[in-house]
Amino acid sequence: MSATGGNETSLLSRFIHKMTKTTDEGGYRSSSFLKLIWSWIVVHVIAFKFNTIEFLTRHRELSPDSVGNRAGDVAVVTGGARGIGLEVVRKLLKCGMHVIIGCRNVSAGTQLIDRLRAEGTTTGTAEAIALDLMSLESVKKFAREVNSKTDKINILINNAGIMFVPYTETVDGYESHFQVNFLSHFFLARLLHQGLVNGGKGKRNSRIVNVSSCASFGGHVDFSDLQLKRGYSRFDAYMVTKFLQVLASNATDRKHQEEGAPIRSYSLHPGIIQTELYDGVAWLRMLKFMTVRMFKSPAKGADTVCYAALSPDIENEGGIFLANSQKIPPNPLADDVQLQNQLWDITIDLLEHKVEK
Ligand SMILES: NC(=O)c1ccc[n+]([C@@H]2O[C@H](COP(=O)([O-])OP(=O)(O)OC[C@H]3O[C@@H](n4cnc5c(N)ncnc54)[C@H](OP(=O)(O)O)[C@@H]3O)[C@@H](O)[C@H]2O)c1
C-alpha cells in the first residue's frame, strides 16, 4: 500500500473510530457504522427539506388573538433559560402569566428574568427552579417544589432537549437523549398531573406542549431496544427520542380524553431555529454566517410553541402535531394506538419505582 493510501486508510479508520467512540466506561459499543451514516443522511435530508419549506413559506406570527390576557395562569417551561425556551418565557410573560422556569443553572434562570425585565417585559411574574433532566431524582425534586408553590398548572412546556451527543449514560443508567428528551419529560408530566387537572378546571383545558422536531419523521420505535443501547448512533438517538415524544404525546392525549381529564397534549416542530443546539454540529458551526440567514430566529421558533400552548383555535384538538403554527400529519407511526399503548405501559413500568406513592 502506498504511503498516501496508508494515510487515507488511517484517516478513514480514525474517522470511523471517532464516530463510533462512546464515552461510557465500557469503551466502545458495537456501533454499526452503516447505521450511523444512514441516520446521518436521513436526519440531514429531513432537516434540509423542512428548512427549504420554511425558507420559502411565510412564517405565521403568533397573533394577539392567540395570546390573550392570561394573568393568574401558571406555566412551567423546561429549558427556559436560553434558545427557544427563553423566547417562550418572554411571550408567556407578555400575556401576564406566572412562569416557572426549569433550568440546570438557577442563576442563569434568574439572570434571564432580569434581562427580560431590562428589555421591557414588565408584565407577568417568573421564577427559576433547578431541574436537571439527566436525573429522575432532580425531576422529582423539581416537581415537588412546583407542586408546593402552586396547586394549579395551566401549561407545561416540555422544551429542553439535547441533540447528537455521544453515547452517555445518565445517573439512572439511561442513554442521555432517551432520558432528557423523552423519559424525564414524561415523568415530569406524571408528577405534575394533579396540578394540570386543577389548571384545566377553569375556562379552558390545561395543556402539555411537547417540543419535538421534524427529526421525529425519521424516528421509529424498537421495544426490544427502547433505551438505544444497541448499535448506537447519535443521529438515530435524536430522531427516535423526538419521535417517542410525539408518540407519547398522542398516547397521553388519548388517555386523558378517556379518563375525562381536562388536559390536552400537543407536539410540534418549532422550525429550524438558530440556537446553540447546533453547536455540536461541526459543519454547521463553520457555516454559521449562512445559517443565521437560512434558519429562523428563536423568537420565531417560540411562535409555534406558544401557539400550541395558548391558541383557542386548537382548544378541542389535542393529540396533534404542529409546524409553523399549523396542524400537519405527524410521522404515521405516531397514530398507531397499539404502539402508543405499548410505549405508555413500558414507560410507566420504567418509572414505577420512582413515582411518589
Ligand atoms: N433549534 C432547532 O432548530 C430545533 C429544531 C427542532 C426541534 N428543536 C427542539 O427545540 C427544543 C429547544 O431547543 P433549542 O434550539 O432552544 O436548543 P438550545 O438553545 O440548545 O437549548 C436547549 C435547552 O435545553 C436545556 N437542557 C439541555 N439539557 C438539559 C438537562 N439535562 N436538564 C435540563 N435542561 C436541559 C438547556 O439548558 P442549559 O442552559 O442548562 O444547557 C437549554 O435551555 C429542543 O427540544 C430541541 O430538540 C430545536
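The legends below walk through several close-up views of a predicted model.

Two housekeeping notes come first. Residues carry numbers that start at 1 in each chain and follow its sequence as written. Because the model is predicted, local features need pLDDT of at least 70 and side-chain atom pairs count only at pLDDT 80 or more, while totals for chains, interfaces and linings use all residues.

View 1. Helices (H or I, at least four residues) and strands (E, at least two) are DSSP runs, numbered from the N terminus. Of the 357 residues, 47% are buried; a residue is buried if 20 or more other C-beta atoms lie within 10 Å of its own, exposed if 12 or fewer, and partly exposed in between, with C-beta atoms placed from the backbone. Taking contacts between residues at least 6 apart in sequence, 77% join residues at least 24 apart. Two residues are in contact if their C-beta atoms, placed from the backbone, lie within 7 Å.

**View 2. The ligand is surrounded by 30 residues.** Gly79, Gly83, Ala160, Gly161 and Thr275 are the closest. A residue is near a molecule or strand if its C-beta atom, placed from the backbone, lies within 6 Å of it. Helix α4 (residues 83-94) gives the largest share of this shell, three residues. By class, the shell has 16 nonpolar, ten polar and four charged residues; Ala, Val, Leu, Ile, Met, Phe, Trp, Tyr, Cys and Pro count as nonpolar, Asp, Glu, Lys and Arg as charged, and the others, Gly among them, as polar.

**View 3. Helix α6 (residues 136-149) packs with helix α7 (residues 176-191).** Their axes are 10 Å apart, at an angle of about 30°, and that makes α6 roughly parallel to α7. Axes are lines fitted to C-alpha atoms, for helices over the stretch in contact, and angles run from 0 to 180 degrees between N-to-C directions. Angles under 35 degrees count as roughly parallel, over 145 as roughly antiparallel, 65 to 115 as roughly perpendicular and the rest as oblique. From α6, look for Leu136, Val139, Lys140 and Ala143, which meet Ser184, Phe187, Leu188 and Leu191 of α7. Six of the residues in this contact are nonpolar, one is polar and one is charged.

**View 4. Helix α2 (residues 33-56) crosses helix α9 (residues 234-259) at roughly 50°.** The two axes come within 7 Å, and the angle makes α2 oblique to α9. On the α2 side the contact uses Lys35, Leu36, Ser39, Trp40 and Val43, and on the α9 side Phe235, Asp236, Tyr238 and Met239. That contact has six nonpolar, one polar and two charged residues.

**View 5. Helices α9 and α13 pack with their axes 9 Å apart.** Their angle is about 95°, so α9 and α13 are roughly perpendicular to each other. Among the residues that meet here are Leu244, Leu247 and Ala248 of α9 and Leu339, Leu343 and Trp344 of α13. Further along, Leu350 lies in α13 (residues 337-351) and counts as partly exposed, with 18 C-beta neighbours inside 10 Å.

**View 6. Phe164 and Leu228 sit in loops.** Phe164, in the loop between β4 (155-158) and α7, has a positive phi near 55° although it is not glycine. Leu228, in the loop between β5 (206-211) and α9, also has a positive phi, near 60°. Phe164 is partly exposed, with 18 C-beta neighbours inside 10 Å, whereas Leu228 is buried, with 20 other C-beta atoms within 10 Å.
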